Amino acid sequence: MQSAAAAWSGIAVRTGVADGLLSLIRVGDLLVINGTVVELAGMTALQNVTAYEIMSRGNIVTAIQLKTGDLGTACSAAGEAYEGLLVTMQNAEVVSSAGACDAMINDGSSETLLSIGTGAQVMSITGIVYYLDSRY
């Protein structure tokens with residue numbers, strides 16, 4: 001859930017199919033949600049949704065433009081500012097493989113971890129910042 005293309009502007013929402021919320025919302029919906037703020041494996045999230053209201057639909061969602069060094073890999077205030085937010089990184093090179101689907105990428109500002117197959121160049125990637133096991 002994100003209210004602007006800026007750091008600290010949103011929160012991850014953990015919900016299930018049983019509460020009906022997933023079947024009703026779409027990208028671009030403006031929502032008011034009541035729930036419980038929790039830390040899940042170090043990532044701040046909203047869960048146990050008790051009420052929600054769709055205020056409007058069809059709003060433009062803009063990803064935050066980041067450098068790989070803005071996010072980094074370790075737990076930091078700089079990286080935490082983007083947890084659960086839609087971000088875009090451009091012109092990053094895969095500098096090492098950290099597992100079957102994980103790769104370290106660098107756009108010249110510093111490395112960050114990307115969960116994707118390895119390749120030579122990432123022209124642009126857009127996705128939600130996720131934190132798990134002490135890394136982004």
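Patches here are built from residues with over 30% relative accessible area and no salt bridge, joining like charges within 9 Å and nonpolar side chains (Val, Leu, Ile, Met, Phe, Trp, Tyr) within 5 Å. The areas are Shrake-Rupley values with a 1.4 Å probe, where only the protein chains shown count as cover for residues, and a salt bridge puts a side-chain nitrogen of Lys or Arg within 4 Å of a carboxyl oxygen of Asp or Glu. The model is predicted, so local features need pLDDT of at least 70 and side-chain atom pairs pLDDT 80 or more, while totals for chains, interfaces and linings use all residues. Residues count from 1 along each chain as its sequence is written, and side-chain values use heavy atoms, leaving out hydrogens and water.

**View A. A nonpolar patch made by Leu30, Val32 and Met55.** The patch covers about 270 Å². Val32 sits in strand S2 (residues 30-40); strands (E, at least two residues) and helices (H or I, at least four) are DSSP runs numbered from the N terminus. With 43% relative accessibility, Val32 is partly exposed, the class between buried (under 20%) and exposed (over 50%), again with a 1.4 Å probe and protein chains only.

**View B. An open, mixed sheet in the order S1-S3-S2.** Its edge strands, S1 (12-13) and S2, each pair on one side only; pairing takes at least two DSSP bridges. S2 runs antiparallel to S3 (residues 43-56) over ten bridges, and Asn34 faces Ala51 in S3.
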